[in-house]
Amino acid sequence: MTSVLERIHIGRATFSVEFMPPRDDADEQILWRSIRELEGLDPAFVSVTYGAGGSRRDRTIRTTGRVARETTLVPMAHLTAVDHSVAELRNVIGWYAAVGVRNVLALRGDPPGDPMGEWVKHPQGLSYAEDLVRLVRELGEFCVGVAAFPYGHPRCTDVEMDADRLVSKLRAGADFAIGQLCYSAEDFLRLRDRVAARGCDAPILPGVMPLTTPKMLSKTVELSGAPVPPHIAARLEPLADDPKAFRAEGIDVVTEMCQQLLAEGVDVLHFYTFNRAKATKEVLGRLGLVPSRTA
Ligand code: FAD
């Protein structure tokens, strides 16, 4: 079974994509149209997020299992420690293996409801992502990823301490990290430098989101806490009432950031797609990361 690590060490620039499990049949159709459109562009891997609540969690197993069974893509399933005992986590990891998924993004997750509310560990559960990395590793041949935060995790105000914790997760057995979305190549590269300064050379993939509407920009800033650098705000804000011009400038801004990241030796760009393929394909086309037969 192909691991994410094999797919990201291919000696040339490539990309991966992230999807959310569908909530209903209509969502499922949109998701699968996007998966099929992006499949032709040969992403390194496809990751599927893990939500709060039982039925949404089953959908991650179902979606990644279907990707494994019915496509040429390499699936990676996210997993969080929220509201799970260790026995339940073992069970979900067992299901991932049973449906052919051997790549897991190990996360602690946020408290349900208010992401900044008090984190309460399940009485028989785990406290930190680092513990989940160890658990997944214990259970067999998995390739494990973890989350990274260019501005530090929102609960950790010291970026140096946050980098120490990221390196601990990697040293606990994670193979790579994926960055929270960020609109500044420099800020991502500073995170990479902090990790390298600690003697850790695990790959860190920048999280990229093609910007298409003012609403998407404000929502992602709210959800991720990623600030919009002033020079980018100055380009986008005057276009807030002109959807076409905003979209064109948003795609330009993100393409330029990706070009800077690739020029700085980043090999893999991780795209947050919100289950839509069009804008990601546009950025990939502009970057020359689309196989020539489909360009
Ligand atoms: P941890 O690494 O455990 O960190 C949590 C907090 O604890 C941080 O403040 C950290 O500094 C601190 N900490 C870590 N170790 C220690 C220690 N030993 N002692 C003291 N403090 C410590 N959420 C979902 O619900 N589903 C998803 O599918 C999902 N996918 C994501 C994908 C990516 C790429 C990213 C970047 C985030 C994703 N998230 C997802 C959000 C994530 O679950 C939250 O950001 C969560 O708050 C942190 O998870 P973590 O794995 O980084 O936790």
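In strand β8, Val268, His270 and Tyr272 point one way while Leu269 and Phe271 point the other way, and all of them are buried; a residue is called buried if 20 or more other C-beta atoms lie within 10 Å of its own, exposed if 12 or fewer do, and partly exposed in between, with C-beta atoms placed from the backbone. This is a predicted model, in which local features need pLDDT of at least 70 and side-chain atom pairs count only at pLDDT 80 or more, while totals for chains, interfaces and linings use all residues. Residues are numbered from 1 along each chain as its sequence is written. Helices (H or I, at least four residues) and strands (E, at least two) are DSSP runs, numbered from the N terminus.

**The barrel and strand β8**

- A closed barrel of eight strands runs β1-β2-β3-β4-β5-β6-β7-β8 with parallel pairing, and the twist averages 30 degrees from one strand to the next; axes are lines fitted to C-alpha atoms, for helices over the stretch in contact, and angles run from 0 to 180 degrees between N-to-C directions.
- Two strands are said to pair if DSSP finds at least two bridges between them.
- Because five of the five residues of β8 (residues 268-272) are buried, this strand is largely enclosed by the rest of the structure.
- β8 pairs in the parallel sense with β1 (residues 14-19) over five bridges, and in this pairing phenylalanine 15 stands opposite leucine 269.
- β8 also pairs in the parallel sense with β7 (residues 204-208), over two bridges, where glycine 207 stands opposite histidine 270 and valine 208 has phenylalanine 271 as its bridge partner.

**Strand β4**

- In a regular strand the side chains alternate between the two faces of the sheet.
- In β4, Asn103, Leu105 and Leu107 lie on one side and Val104 and Ala106 on the other, and all are buried, so that both faces are covered.
- β4 pairs with β3 in the parallel sense over four bridges, and threonine 80 stands opposite leucine 107.

**The nonpolar core**

- The largest nonpolar core has 82 residues, where such a core is a set of buried Ala, Val, Leu, Ile, Met, Phe, Trp, Tyr and Cys residues joined through C-beta atoms within 7 Å.
- Val46, Val104, Ala106, Leu132, Val146, Ala148 and Ala177 have the most contacts inside this core, two residues being in contact if their C-beta atoms, placed from the backbone, lie within 7 Å.
- Leaving aside residues up to four places away in sequence, valine 146 touches Ala106, Ala129, Val133, Lys169, Leu170, Ala174 and Ala177.

**Around the ligand**

- Of the 22 residues around the ligand, Thr49, His78, Arg108, Ala129 and Ala147 come nearest; a residue is near a molecule or strand if its C-beta atom, placed from the backbone, lies within 6 Å of it.
- The shell around the ligand divides into eight nonpolar, seven polar and seven charged residues, where Ala, Val, Leu, Ile, Met, Phe, Trp, Tyr, Cys and Pro count as nonpolar, Asp, Glu, Lys and Arg as charged, and the others, Gly among them, as polar.
- The largest share of this shell, three residues, comes from α6.

**Helices α11 and α7**

- Helix α11 (residues 278-287) has Ala279, Thr280, Lys281, Val283 and Leu284 as its buried residues, and these pack against β1, α2 (25-39), α10 (243-263) and β8.
- Aspartate 187, found in helix α7 (residues 185-197), is partly exposed, with 17 other C-beta atoms within 10 Å.
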